[in-house]
Amino acid sequence: MSTAASQDVYARLNELGITLPPVAAPVAAYVPFVRSGNQIFLSGHIAKKDGKPWVGQLGKEVDTATGQAAARAIGIDLLGTLHAAVGDLNKIRRVVKLMSLVNSTPDFTEQHLVTNGCSELMVQVFGSTVGAHARSAFGVAQVPMGACVEIDLIAEVQD
């Protein structure tokens, strides 16, 4: 990305009213991110509301729209971790892939719609060329701490 285009990342965050959060301390045996070559792998981030796990199961206590809001909140946390990993979001060349785990009942089938909350945010922040990504969205029986959604991210960085 050019310097002019890269300035748009932080301008877009500002326009969206997003303040990047600090990296959350790991609560188990892992690190928040790993760089391998020009790729950054972010560990799974769970949905949080008011600093605590955003708990519930899609199809039971949580509806699709609320799940989308939770996925968007995860997207903001992922951006904070990505910023910490690379020092400057202007260096992101591509959001490569998201993987979303949606805590859902066996009959809930809108995991893909829930995950859109994060996917759409990446496109809003980085634009369609850099922010559009491959992804997987799975329904799972449980997510750590009872959170409704967990998402991890892979991004390509330019030096």
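Author: Two strands are said to pair if DSSP finds at least two bridges between them, where strands (E, at least two residues) and helices (H or I, at least four) are DSSP runs numbered from the N terminus. The structure discussed here is a predicted model, in which local features need pLDDT of at least 70 and side-chain atom pairs count only at pLDDT 80 or more, while totals for chains, interfaces and linings use all residues. Residues are numbered from 1 along each chain as its sequence is written, and side-chain values use heavy atoms, with hydrogens and water left out.

Reader: What makes β5 and β6 a pair, and in which sense do they run?

Author: Strand β5 (residues 92-103) and strand β6 (residues 134-140) are joined by seven bridges in the parallel sense, and the requirement is at least two bridges, so the term applies. One of the positions concerned is Lys97, whose bridge partner in β6 is Ala134.

Reader: How do you know that β5 also pairs with β7, and in which sense?

Author: Nine bridges connect β5 with β7 in the antiparallel sense, and because the definition asks for at least two, these strands pair as well. Within this pairing, Leu101 stands opposite Glu150 in β7.

Reader: What makes β5, α3 and β6 a right-handed unit?

Author: A crossover is called right-handed if, with the strands pointing away from the viewer, the path from the first strand over the helix to the second runs clockwise; the β-α-β unit of β5, α3 and β6 is assigned this hand. The helix α3 spans residues 111-131 and includes Gln124, which touches Arg12, Leu16 and Arg72 when neighbours within four places in sequence are left aside (contact means heavy atoms within 4.5 Å).

Reader: Why is the pair of Arg93 and Glu156 called a salt bridge?

Author: The term requires a side-chain nitrogen of Lys or Arg within 4 Å of a carboxyl oxygen of Asp or Glu, and the N to O distance between the side chains of Arg93 and Glu156 is 3.8 Å, so the pair qualifies.

Reader: How many salt bridges does a search of the whole structure find?

Author: The search finds two, and among them is the one between Asp159 and Arg35, whose closest N and O atoms are 2.8 Å apart. Here too distant parts of the chain are linked, since Asp159 belongs to the segment after β7 (149-157) and Arg35 to strand β1 (residues 33-36), 124 residues apart.

Reader: How do you know whether Asn103 is buried or exposed?

Author: Asn103, in strand β5, has a relative accessibility of 2% and therefore counts as buried. By contrast, Val96, also placed in β5, has 27% and is partly exposed.

Reader: What makes the approach of Asn103 to Gln57 a polar contact?

Author: A polar contact is a pair of N or O atoms within 3.5 Å; within protein, one must be able to donate a hydrogen and the other to accept it, and residues adjacent in sequence count only if both atoms are side-chain atoms. The side chains of Asn103 and Gln57 are joined by such a contact at 3.5 Å, and the side chain of Asn103 also reaches the backbone oxygen of Gly56 at 3.3 Å.

Key: Buried means under 20% relative accessible area, exposed over 50%, partly exposed in between (1.4 Å probe, protein chains only).
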